[in-house]
Amino acid sequence: MVITALPSIASMAGATRVLRGIAITNPVGDRSLTREQEVELRRAITERALTMLETEFSRRSVWELKPGEATTTP
Amino acid sequence: MIEPRIIAATFVLEHVPDLVRYGSKPSRSEEQFATAAGKGRSYDDAVWYPPNQVFIGNLSPDALRDLSRPWWAHPGDAHAVGPSGEIMGQSQFYELLARLDVFELVELGQSAAVGPNDLPLFDAGQQIGVFHGAHEEDESLSARVLLENLACKASGVHALDFLLKQKRIDPEGITYCIGAGEEAVGDRYQRGGGGIGRAIAEACGLEQAGGADVKAFCAGPIHALVAAATLVATSVHRQVAVVAGGSLAKLGMKFLGALQTDAPILEDVLAGMAIVVGHGAPSDPVIRLDAVGFTSPRSGHSQQAVLEELVAEPLRRLGKGLRDVGVYAAELHNPEITEAAGGGDVPDRNYKMLAGLAAVNGDIEREAMTEFAIAHGLPGFSPTQGHIASAVPWVPHALKRFEDGTLERTMLLAKGSLFLGRMTKMWDGASITLEAKNAD
């Protein structure tokens with residue numbers, strides 16, 4: 001399970017479960033947010049990552065943070 | 001024909017003091033470089049350094065004019081993230097190198113063994129990993145060359161990723177990516193074959209993008225912008241990215257100068273750039289394809305003739321004179337680095353020559369030359385990263401000025417030292433003019 005701002009690289013390296021992070025220098029944070037908003041974002045990313053760990057995948061998948069934006073790559 | 005516009009530009013820095021030893025000059029001057037221990041800068045010192053703050057957009061270039069020299073002696077409160085870029089620290093950069101490496105070149109960890117074809121990687125004096133060469137005999141695939149190339153890819157990826165996130169640009173909407181850096185990627189049978197633009201695009205998720213590299217020494221980014229603007233204007237592509245990573249070979253290039261003074265080694269950063277050309281919004285500046293400047297063999301080796309071809313002649317096509325350009329961006333090397341090594345103030349010299357051209361062509365009076373050089377010029381603020389220092393770091397600042405309505409026309413001009421490659425003695429050069437929608 002990889003959280004990264006560069007999901008195509010993680011997929012290429014063989015990771016099955018990839019969650020798109022925010023940016024290279026801060027994959028699970030966003031400095032433009034307030035402290036409270038950022039805590040909320042971190043929680044959302046972590047929970048999303050846990051959901052991915054509980055999910056069976058038959059092929060490499062890249063997920064976005066919001067469930068509605070989920071995409072799967074071959 | 002579509003009017004091509006610059007819609008976003010980012011410039012980033014990677015603070016890599018422990019990679020300075022692998023710069024060309026330090027690695028050739030090992031004994032002298034050993035005496036430079038203690039001349040390195042901390043990450044915080046690199047962040048607040050005023051020219052670096054200008055580079056990432058937290059300060060305007062003009063702010064440097066009001067700041068007494070040396071600039072490195074002005075510690076202040078500063079952020080590592082700016083509106084058009086950010087400064088990454090060394091350990092994070094090593095992680096990025098490892099993540100972008102798809103050929104098991106980078107091995108992080110203190111237990112990694114250094115083989116005869118490898119280079120040790122250090123962080124704060126400790127060995128933290130190894131960079132492996134990919135071939136015993138092929139110099140193009142040696143650890144030194146591949147480290148240069150991967151560092152170039154990584155800094156380019158950092159810049160493009162920052163741009164996509166900051167400006168909320170859909171990576172799949174960019175369908176062509178031009179690499180404009182100076183690194184020669186390839187093996188011994190096709191040294192300099194290219195592909196770095198493609199590699200950067202792939203890593204940044206530009207799933208729809210083709211691309212190629214444009215090589216033109218320091219003028220590479222300007223030639224690449226001309227190509228990008230042409231592809232957009234002719235509807236071949238809707239959005240094109242021009243990207244370039246930093247030059248590891250140039251780290252510590254002038255460190256001998258720093259040894260003579262109290263100054264720290266300021267060439268401890270790699271730079272990366274990304275610029276997107278597309279249809280854009282009406283407030284984005286247009287690249288005037290009817291006023292592109294190139295040098296030709298007829299200007300020979302004369303600097304004055306080169307400037308005539310790059311500046312005066314394209315402006316004549318627009319029916320304009322030299323005073324009609326608000327700001328000229330030429331080579332923007334930080335004078336604090338070049339002066340210590342005896343190279344003088346490169347931007348200042350360029351603007352004096354430009355003012356000379358304006359006087360010769362009758363655009364201004366001879367007495368107004370100094371005033372012209374300041375009013376239409378910029379102080380140097382870019383690290384000495386070759387192609388990156390050439391005019392383009394002005395672009396994010398220009399975009400802001402166009403948005404504010406305080407800039408109507410600006411010209412970017414870059415020169416390339418073709419003679420360094422020993423194939424011709426010519427100078428190369430290229431220029432583009434950006435204009436606001438309602439420019440007179």
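This is a predicted model: local features need pLDDT of at least 70, side-chain atom pairs count only at pLDDT 80 or more; totals for chains, interfaces and linings use all residues.
1. **Salt bridges overall.** Let's start with the count: over all chains, the structure holds 21 salt bridges.

2. **Arg41(B) and Asp268(B).** These two side chains form a salt bridge, with 2.7 Å from N to O. The pair links distant parts of the chain, 227 residues apart: Arg41(B) sits in the loop between α2 (30–34) and α3 (43–48), while Asp268(B) sits in the loop between α9 (255–259) and β10 (269–278).

3. **Arg298(B) and Glu309(B).** Here the salt bridge spans 3.2 Å, N to O. Arg298(B) belongs to the loop between β12 (293–294) and α10 (303–317), and Glu309(B) to helix α10, 11 residues apart. Arg298(B) is exposed, because its relative accessible area is 70%. Glu309(B), at 6% relative accessibility, counts as buried. There is also a network to look at: Arg288(B), Asp290(B), Arg409(B) and Glu435(B) are joined into one by salt bridges that share partners.

4. The side chains of Arg21(B) and Asp18(B) meet in a salt bridge of 3.3 Å, N to O. Arg21(B) is partly exposed, with a relative accessible area of 28%, whereas Asp18(B) is buried at 10%. Arg21(B) is also one of the contacts of Pro26(B); leaving aside neighbours within four places in sequence, the others are Val20(B), Phe33(B), Leu251(B), Gly252(B) and Phe255(B). Pro26(B) lies in helix α1 (residues 24–28), and its relative accessible area is 1%, so this proline is buried.

5. **A negative patch.** Which residues form the negative surface patch? They are Asp170(B), Glu172(B), Glu202(B) and Glu207(B). Glu202(B) is found in helix α7 (residues 196–203) and counts as partly exposed, because its relative accessibility is 35%.

6. **His223(B).** This histidine is part of helix α8 (residues 220–233). With 18% relative accessibility, His223(B) falls under the 20% cut-off and therefore counts as buried. Beyond its neighbours within four places in sequence, His223(B) is in contact with Val214(B), Ala216(B), Phe294(B), Asp428(B), Gly429(B) and Ala430(B).

Methods: Residues are numbered from 1 along each chain as its sequence is written. Chains are lettered from A and ligands numbered from 1 in the order in which they are written. Side-chain values use heavy atoms; hydrogens and water are left out. Helices (H or I, at least four residues) and strands (E, at least two) are DSSP runs, numbered from the N terminus. Buried means under 20% relative accessible area, exposed over 50%, partly exposed in between (1.4 Å probe, protein chains only). Contact means heavy atoms within 4.5 Å. Patches are made of residues with over 30% relative accessible area and no salt bridge: like charges are joined within 9 Å, nonpolar side chains (Val, Leu, Ile, Met, Phe, Trp, Tyr) within 5 Å. Accessible areas come from the Shrake-Rupley method with a 1.4 Å probe; for residues, only the protein chains shown count as cover. A salt bridge is a side-chain nitrogen of Lys or Arg within 4 Å of a carboxyl oxygen of Asp or Glu. Lys and Arg count as positive and Asp and Glu as negative; His and the chain ends are not counted. The place of a charge is taken as NZ of Lys, CZ of Arg, CG of Asp or CD of Glu.
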